Amino acid sequence: DAFHAFHQDLSFVRKFLQPLLIGELAPEEPSQDGPQNAQLVEDFRALRQAVEDMKLFEADPVFFALLLGHILAMEVLAWLIIYLLGPGWVPSTLAAFILAISQAQSWCLQHDLGHISIFRKSWWNHLAQQFVMGQLKGFSAHWWNFRHFQHHAKPNIFHKDPDVTVAPVFLLGESSIEYGQKKRRYLPYNHQHLYFFLIGPPLLTLVNFEVENLAYMLVCLQWTDLLWAASFYIRFFLSYIPLYGVPGALLLFVAVRVLESHWFVWITQMNHIPKEIGHEKHRDWASSQLAATCNVEPSLFIDWFSGHLNFQIEHHLFPTMPRHNYRRVAPLVKALCAKHGLSYEVKPFLTALVDIISLWPPSVDSHHQGLGSTYHRLRPWPWCSRDISP
């Protein structure tokens, strides 16, 4: 089911599997799979087949063309504001916000392309992703795929999902229990809900992503991605240095990165942080995704603002589905959950944001005394992630 979820054209990718086959388990060999509901597995596969029959994996080219168009329009509008009104504080602030929105929407569009959910051919999606991620954002498409698909395959699983493997900076889920039992203390974890605001949302994109992204391209010899990323910086600074000078252009760049970083942290983590975080449970595909995701109440604005990540359950169950079809598949997924007693959680938008930071009492009484009598447990958020392209 996981293999099927990541690949649209199974007949094509199967051609590459034979060299990877190193053997087969005998029937009596022990399996790592935990207890699974055979009826749930069967019903989910029937649901997927129904979704395919409804053609919900087919993208609407006009929808994605409009997305790209409004991203490019915001890039032009921001430059025109500074060009026509001058580099004052008011025009600069307005331009920075417009550029940050453009950057946030570029994250969403490249995310669609990375999941091969727009074009029929994989390489068309990957080529377009290199343009959006490289030229429009200054990052590596391969780096994003390397980190992001690991998250999708094992969401909220320590040492398999890089988004939650963030100790010792933050302790999430079961890691807080482990640190308490071993009486390990590197940072004042009872105050991590406070220093999260200092090094989390403001600096993730500006510092961590920039460093990790550059290191990945150099170490993995991704020269094409490096050229795409360089084209973003060349375009940005050639556009704004004549208007601001070098210091002003750098300040604008930092402001945009900090603003988009806030968007990235809050929007991408509102669907995962309040959910179960721990070690591998070896569940079936549907159960593992539902345990780690929740939805946010939809609206036209929230759908656009979050890049349809408010339909996180549907996205994780069907990662290659074009996002404009999530609303159509959501009732079917909800019915499947109701039939099998699975949680299909939908939150108001503000509640989902607030839940990222929560006050929690100690989970293991005396073992947590090394971390303080009470401590704030910050749940998962993306500090750094890795991925392997399917």
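# Exercises on pockets, cavities and helix contacts

Helix H2 (10-13), H3, helix H4 (61-85), H5 and helix H6 (122-135) each supply at least two residues to the lining of the largest pocket. Helices are DSSP runs of H or I with at least four residues, numbered from the N terminus. The model is predicted, with local features requiring pLDDT of at least 70 and side-chain atom pairs pLDDT 80 or more, while totals for chains, interfaces and linings use all residues. Residues are numbered from 1 along each chain as its sequence is written, and side-chain values use heavy atoms, without hydrogens and water.

**Exercise 1. Describe the largest pocket by its volume, its central residues and the classes of its lining.**

Step 1. The volume of the largest pocket is about 860 Å³. A pocket is an open set of points on a 1 Å grid over the protein atoms alone, where a 1.4 Å probe fits, with protein on both sides within 12 Å along at least five of seven lines. Points are joined across faces, edges and corners, and the volume is the space filled by probe spheres set on them.

Step 2. The lining of this pocket has 32 residues, and Ile116, Phe119, Arg120, Lys121 and Ser122 are the closest to its centre. A lining residue has an atom within 4 Å of a point.

Step 3. H6 provides the largest share of the lining, six residues.

Step 4. By class, the lining holds 19 nonpolar, seven polar and six charged residues. Nonpolar here covers Ala, Val, Leu, Ile, Met, Phe, Trp, Tyr, Cys and Pro, charged covers Asp, Glu, Lys and Arg, and polar covers the others, Gly among them.

**Exercise 2. Which residues are the closest to the centre of the second largest pocket, and which element gives the largest share of its lining?**

Step 1. The second largest pocket has a volume of about 360 Å³.

Step 2. Among its 23 lining residues, Lys154, Arg283, Asp284, Trp285 and Ser288 are the closest to the centre.

Step 3. At least two lining residues come from each of H3 and helix H12 (285-292), and the largest share, four residues, belongs to H12.

Step 4. The lining of the second largest pocket contains nine nonpolar, five polar and nine charged residues.

**Exercise 3. How many cavities of 30 Å³ or more does the whole structure contain, and what lines them?**

Step 1. The search finds two such cavities; a cavity is a set of grid points where the probe fits but cannot get out.

Step 2. The largest cavity has a volume of about 230 Å³. Its lining consists of 21 residues, with His111, Trp144, His148, Thr268 and Leu309 nearest its centre.

Step 3. Two or more lining residues come from each of helix H5 (89-114), helix H7 (141-153), helix H11 (223-269) and helix H14 (312-317). H7 gives the largest share, five residues.

Step 4. The lining of the largest cavity comprises seven nonpolar, 12 polar and two charged residues.

Step 5. The second largest cavity holds about 60 Å³ of space. The residues that line this cavity are Glu75, Leu99, Gln103, Phe232, Arg235, Phe236, Phe253, Val256, Arg257 and Glu260. H11 contributes the most to this lining, seven residues, and the classes are five nonpolar, one polar and four charged.

**Exercise 4. At what angle do H3 and H15 pack, and which residues make the contact?**

Step 1. Helix H3 (residues 38-53) and helix H15 (residues 326-340) pack at about 165°, with axes 11 Å apart. Axes are lines fitted to C-alpha atoms over the stretch in contact, and angles run from 0 to 180 degrees between N-to-C directions.

Step 2. H3 and H15 are therefore roughly antiparallel to each other. Angles under 35 degrees count as roughly parallel, over 145 as roughly antiparallel, 65 to 115 as roughly perpendicular and the rest as oblique.

Step 3. Gln39, Leu40, Asp43, Phe44, Leu47 and Val51 of H3 make contact (heavy atoms within 4.5 Å) with Val329, Leu332, Val333, Leu336, Lys339 and His340 of H15.

Step 4. This contact has eight nonpolar, two polar and two charged residues.

**Exercise 5. Describe the packing of H5 against H6 and against H11.**

Step 1. H5 and H6 pack at about 160°, their axes 8 Å apart, which means that H5 is roughly antiparallel to H6.

Step 2. The contact involves residues including Trp107 and Leu113 of H5 and Ala128 and Val132 of H6. Its classes are six nonpolar, six polar and no charged residues.

Step 3. The axes of H5 and H11 come within 8 Å and cross at roughly 60°; H5 and H11 are therefore oblique to each other.

Step 4. Among the residues of this contact are Leu99, Gln103 and Trp107 of H5 and Phe232, Val256 and Glu260 of H11. The contact of H5 with H11 divides into 17 nonpolar, two polar and two charged residues.
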